[in-house]
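Reader: I am new to this structure and would like to know what lies behind the words used for it. Please start with the terms.

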Amino acid sequence: MSRHKNTDKQLDESQQGNTLVLEGDQQNSRKLYIESYGCQMNFSDSEIVASILAKEGFNTTQELAEADLVLVNTCSIREKAELTVRKRLEKFNAIKKVNPHMKVGVLGCMAERLKSKFLEEEKIVDMVVGPDAYKDLPNLVQEIDEGRNAVNVILSKDETYGDVAPVRLNSNGVTAFVSITRGCDNMCTFCVVPFTRGRERSRDPQSILEEVNDLWERGYKEITLLGQNVDSYLWYGGGLKKDFEKASDMQKATSVNFAKLLDLCAQAQPKMRIRFSTSNPQDMTLDVIESMAKHKNICNYIHLPVQSGSDRILKAMNRLHTRAEYFELIDNIKRIIPDCAISQDMITGFPTETEEDHKDTLTLMEYVKYDFGFMFAYSERPGTMAARKLDDNVPPDVKKRRLTEIIDLQQKHSLYRTQQHLGEVEEVLIEGSSKKSDAHWMGRNSQNTVVVFPKENYAIGDFVMVKITDCTSATLLGEATGFSDIN
Ligand code: SAH
Ligand code: F3S
């Protein structure tokens, strides 16, 4: 997910192209332009790709026209995300007419889904590389240099890129992503991710801690541990999650689960803020919530997608929990961490969804009153269980109307939640200037809500105490009262 609050109505994260700039090793002579779409994992992967290609003599550029190699890291999660990439390829085509030596590569989920078909469907594309094949880029680039097309979409059981130091691209120097798992074994019936990103595997905690420590040394103040399903993290010396049962007693005894990983990260850098995304309710255990409560530096915020409030639809989606179990989890979170913010992902118009099911979603939202959310109309994805077994039978106008209803309700709840912060003095980490005013800083509180306040003499990367005086449904406004003790 993009970390910015948005909805289908506003700006779908998959439409948000983002150019990445690498501060260059000046000896590098070739120019790489890399654009990422979709989830945070894709943005994080682009940093791995830039690192691998920097060693091959590539400097990144923001100027598409001067690029020798153009890479687009793609998203397949909804049809609209794929259409956005196709449109972008048309633009690259126009540029290639002026700059014929420019090569174009497609990375990420669309590459994995379409494989060599991409080369036939889009003549502009020279190279197709799946999410587990980035280490092969040096060979693949050589292939296209020699005038051949190149494809590697082999999925891996153990690749985690734990040994590649990502090059931080377009960074604010304060917040960074650290990837901890790859792939997903959950097989939600609507979701293409298990097909495009393969089996779930966890990264060696030692390499995670090294990355966290290195980020701290370099001045970073906040990390987000990333995975499709972070609560399912499990390290027992390597290997797939599903093979854990076969591990030795020794491996089992020294294994590290997500709660333990949180402890390790929080203890390694007690002044560094720690976030994580995404949690699947069926895999989130009490020990994770307890670990959050135990460490002051783990932020009080959980992105906890539910997708639907109807038991019948949850079952059809292969989400392995009920509405009642979800409520129990929410109650436990609020009991252990009363000021914990919670956000959702929701899908409207899943096949067979009735008005009754939709109402269940609205009442579930009423119960939780999420701080914010990401809401989508169901988009059938080829190859998924839902596409194979179920008719996409909710008419587009019904999907849209239901989507509008849940977005409006979320808006109301978001405002209710931001209003609870009025009058409080909260710790904010400054990330940069406010988009709307150069005289104001923008940062986030522990709950991940954006806070805007006058700059005074504070600087990017400072932890500041801010008195909240006003709010919209998405932003808190206030005034700094001094530095936080954490500095
Ligand atoms: N575990 C993942 C979820 C990835 S997909 C994570 O790290 O965020 C992000 C969200 O996209 C899902 O939670 C779901 O709400 C939405 N989504 C996935 N497949 C979809 C589909 N076929 N149609 C509409 N929305 C979908
Ligand atoms: Fe997709 Fe479900 Fe995994 S939404 S990423 S299959 S947890």
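Author: Two strands pair if DSSP finds at least two bridges between them. Helices (H or I, at least four residues) and strands (E, at least two) are DSSP runs, numbered from the N terminus. This is a predicted model, in which local features need pLDDT of at least 70, side-chain atom pairs count only at pLDDT 80 or more, and totals for chains, interfaces and linings use all residues. Residues are numbered from 1 along each chain as its sequence is written, chains are lettered from A and ligands numbered from 1 in the order in which they are written, and side-chain values use heavy atoms, with hydrogens and water left out.

Reader: How do you know that S15 and S16 pair?

Author: Three bridges join S15 to strand S16 (residues 341-348), and the definition asks for at least two, so the two strands pair. Their direction is parallel. For Ile 302, the bridge partner in S16 is Ile 342.

Reader: What makes S15 and S17 edge strands?

Author: The open sheet has three strands in the order S15-S16-S17, with parallel pairing. Strand S15 (301-303) and strand S17 (372-377) each pair on one side only. On average, neighbouring strands of this sheet are turned by 10° against each other, direction ignored; axes are lines fitted to C-alpha atoms, for helices over the stretch in contact, and angles run from 0 to 180 degrees between N-to-C directions.

Reader: How do you know that S21 pairs with both S18 and S22?

Author: Strand S18 (residues 425-433) and strand S21 (residues 463-471) are joined by five bridges and run antiparallel. S21 and strand S22 (residues 475-483) share seven bridges, also in the antiparallel sense. Both counts meet the requirement of at least two, so S21 pairs with each. Toward S22, Met 465 stands opposite Gly 482. S21 and S22 form a hairpin, with three residues between them.

Reader: Which residues come nearest to ligand 1?

Author: Gln 228, Thr 278, Gln 307, Asp 345 and Ser 379 come nearest, out of 15 residues around ligand 1. A residue is near a molecule or strand if one of its heavy atoms lies within 4 Å of it. S16 and S17 each supply at least two residues of this shell.

Reader: Why is the approach of Asp 345 to ligand 1 called a polar contact?

Author: A polar contact is a pair of N or O atoms within 3.5 Å (within protein, one must be able to donate a hydrogen and the other to accept it, and residues adjacent in sequence count only if both atoms are side-chain atoms). A polar side-chain atom of Asp 345 lies 2.6 Å from an oxygen atom of ligand 1, so the pair qualifies. For Thr 278, a polar side-chain atom is 2.8 Å from a ligand oxygen. At Ser 379, a polar backbone atom is 2.8 Å from a nitrogen atom of ligand 1.
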